[in-house]
Amino acid sequence: MLRLESVHTHYGNIEALKGVSIDVAQGEIVTIIGANGAGKSTLLMTICGNPRPSSGRVVYDGREINGLATYDIVNLGISQAPEGRRIFPRMTVHENLQMGAVPNNGRWFEEDVDKVFTLFPRLKERIHQRGGTLSGGEQQMLCIGRALMARPRMLLLDEPSLGIAPILVRQIFQAIVEINRSEGLTILLVEQNAYQALKIAHHAYVLSTGRLVMSGTGRELLANPEVRSAYLEGGH
């Protein structure tokens, strides 16, 4: 469904991605793990067209999307829940979800809102509350919910567990699995919580300083001694 072929991405003279190639099959949860500064967020942003790759190809559903504007990529069926959430803090939960439905003109708004509230009941309790007054975990739920309102075929998640309480981390990951299972939604997940991410992944990649250094199933990488030592606190 999605393929990156030898993708290089630069910020000025700094090369952030150095020949990255990945495959994401339809219906999979694919995870990318790595340390801070490895290029994980840049990879997702490159897929969305900002920044654009310096060389290489990004192919989605058989079509090269390198040169497309971000809004055109969204209209093809790719939504992103970005790092840092980036909700609209002065808008209510309901209004944030309305913004997410803009790509389909809100055609299925009520149906899709019900799905989001089933997935994240806490958001329904705060439907008229401003986004900026929500807790970090609630904002992350809203960020994911807003992305789902566009009815994507592929969802890009950037650090969904960052800065939120452990009990809400579990809820977020349960929701990711449920979205994939019930909707068949393809998910590309970038995450520093390697244990949780690999546990739910069909396939996974390890990114280090802009290069892919390892790949395999989630279970294979969970059991890999190098991965355990570097990303799973020595396996504990």
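Predicted model: local features only at pLDDT ≥ 70, side-chain atom pairs only at ≥ 80, totals over all residues.
**A walk across the sheet**

Now let's zoom out. Which strands make up the sheet, and in what order? There are 6 of them, arranged S6-S7-S8-S3-S9-S10, in an open sheet with mixed pairing. The edges are S6, at 78-81, and S10, at 211-216, and each of these pairs on one side only. On average, neighbouring strands here are turned by 20° against each other, with direction ignored.

Next, the helices that pack on this sheet. Helix H1, residues 40-47, touches S3 (29-33), S6, S7, S8 (186-190) and S9 (203-208). The direction of H1 makes about 145° with that of S8. Helix H7, residues 166-183, packs on the sheet as well, touching S3, S7 and S8. For H7, the angle with the direction of S8 is about 155°.

Before I hand over, a quick look at one residue, Lys115, which you can find in helix H4, residues 109-119. Is Lys115 buried, partly exposed or exposed? Lys115 counts as partly exposed, because its relative accessibility is 39%, and that class lies between the 20% and 50% cut-offs. Lys115 also sits 9.2 Å from Met149, C-alpha to C-alpha, with the two being 34 residues apart in sequence.

Notes
Residues numbered from 1 in each chain as written. Heavy atoms only, no water. Pairing = 2+ DSSP bridges. Helix = DSSP H or I, 4+ residues; strand = E, 2+ residues; numbered from the N terminus. Axes fitted to C-alpha atoms, helices over the stretch in contact; angles between N-to-C directions. Contact = heavy atoms within 4.5 Å. Buried < 20%, exposed > 50% of the residue type's maximum accessible area, 1.4 Å probe, protein only.
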